[in-house]
Amino acid sequence: MATSTTGHAIVIGGGIIGLATCFEFQDAGFEVTLIDPDPISGATHHAGGMLAPTAEVQYQQQALVPLMKESARLYPDLIQRVTQHTDLPTGYRTDGTVLIGADRADAQHLSELIDYIKAEDLDIETLTTRQARQLEPALSPRIAKAAAIDGDHQLDPRLFARALFDAVLARGAQHVRETVSTITQSTTHQSVTLSSGARIEVDSSDVTVLAAGLGAAKITGWFDGEHPLQLRPVYGDVLRVRVPESLQPLTTRVIRGFVEDRPIYVIPRDDGTVTIGATSREDQPHPRTSAIHDLLRDAIRVVPGLEETEFLEATCGARPGTPDDLPYLGQVRDNLIVSTGYFRHGILLAALGARTAVQLATGQQTSQAVASCDPFRHATSTLNV
Ligand SMILES: Cc1cc2nc3c(=O)[nH]c(=O)nc-3n(C[C@H](O)[C@H](O)[C@H](O)COP(=O)(O)OP(=O)(O)OC[C@H]3O[C@@H](n4cnc5c(N)ncnc54)[C@H](O)[C@@H]3O)c2cc1C
């Protein structure tokens, strides 16, 4: 186990979690090897990219709140450090978020959410419809209720992940374009086996981070019995449209809320495109026609000008879900750290997840908030030594 701030970190998975983890290990003085056959091809490619610790507060998920708050606090510094090592854009924007309820029942839902947010000591300001339309003139006059959250921000996950990838390669990371099949461990030795059959021997002063999103559930060898990581795909449809130049910017803030109890968000990007999302279901891993229809209808109801946009893309991504919606983040043995299962919040939680992995590897104190993320909390299995 690396107790000083030098060593070698082997990071399995090049989604936002693995890439941010590579970056933080480099900042801590480690050499880095990233193993991924196709970086940025998983959930990160499809995500909305809302950094929304306030609007994402959900009933009976109190353990998530401190994780989200802390990671949101870390983000400005992470973005600033990443942009020192790459010229690529990140799409990071701090314009804030407007929450809406479309009809009377949605307004009631939003009122309850506002009360809940205030009870969690998070900042939200209730707006009249008129005030909301002064902030965002493209909002429909027919919305029933609105509120503003200045502290909920956004980035473009594809851009930020590419910027991270560029930054870690520029700082000398080695990229192995392969799939990991097993991590085997004896009392003295660890090795990472690739699907080609090649093996990477891991020195006792090195650290391996399992950050392969849903793919982590297929990597075996490091435990006895059932796989300890109970990951499941939770699919979400997302759309992308382009706003004609004459209408840009259609909105500056993220608009999100409920239409007939269906969640909807509209995220404006710097390049004039808008991301519209997202559904949530546990079957059918491809864009579903009814979901595309619902998303477009609901988004147009909230921001009518979206009718004038050019349709670019419908995709469907798989969130890496866990039974209690909390990530699996922790050290499972001296030189093996698990960092996956970030479900709906992996873009937001990447800053905290990456920093925590380095703290674990270097024997530093981690945040109290991550105590709820033990990777073995759902396990019937044990470590294999
Ligand atoms: C529709 C949708 C909208 C979302 N919106 C938001 C949002 O607004 N805000 C937010 O915070 N979160 C959001 N999320 C959640 C977020 O996208 C995920 O939590 C996050 O991307 C997970 O990142 P990851 O790096 O763990 O996994 P992934 O992005 O899935 O990356 C995993 C990587 O591991 C690699 N891999 C897999 N198996 C192996 C293996 N055996 N060996 C080597 N490499 C392997 C894959 O190739 C992939 O590159 C959204 C998700 C979806 C689907």
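How far is an oxygen atom of the ligand from a polar backbone atom of Ile-16? Select both and check: the distance is 3.2 Å. Keep in mind that this is a predicted model.

For Phe-343, a polar backbone atom sits 2.8 Å from a ligand oxygen. For Ile-347, a backbone N or O atom is 3.0 Å from an oxygen atom of the ligand. Now show the surface: the ligand taken alone exposes 1000 Å², and the protein buries 93% of that.

Next, select the shell around the ligand. It holds 40 residues, the closest being Asp-36, Thr-44, Phe-343, Arg-344 and Leu-348. Colour the shell by residue type and you get 20 nonpolar, 15 polar and five charged residues.

Zoom out and colour by domain. Domain 1 covers 7-48 + 159-230 + 323-383, and domain 2 covers 97-150 + 232-321. The ligand lies between the two domains because both give residues to its shell. The C-alpha centres of the domains are 32 Å apart.

Last, look at where the domains meet. Here twelve residues of domain 1 are in contact with 16 residues of domain 2. About 1200 Å² is buried between the domains, and carbon and sulfur atoms give 58% of this area. On the domain 1 side, select His-46, Leu-214 and Phe-343: these lose the most area to domain 2, together 49% of what that side buries.

Technical notes:
Residues are numbered from 1 along each chain as its sequence is written. This is a predicted model: local features need pLDDT of at least 70, side-chain atom pairs count only at pLDDT 80 or more; totals for chains, interfaces and linings use all residues. Side-chain values use heavy atoms; hydrogens and water are left out. A residue is near a molecule or strand if one of its heavy atoms lies within 4 Å of it. A polar contact is a pair of N or O atoms within 3.5 Å; within protein, one must be able to donate a hydrogen and the other to accept it, and residues adjacent in sequence count only if both atoms are side-chain atoms. Accessible areas come from the Shrake-Rupley method with a 1.4 Å probe; for residues, only the protein chains shown count as cover. Ala, Val, Leu, Ile, Met, Phe, Trp, Tyr, Cys and Pro count as nonpolar, Asp, Glu, Lys and Arg as charged, and the others, Gly among them, as polar. Domain bounds come from an automatic or database domain assignment. Contact means heavy atoms within 4.5 Å. Buried area is the accessible area (1.4 Å probe) that two parts lose on being put together, summed over both.
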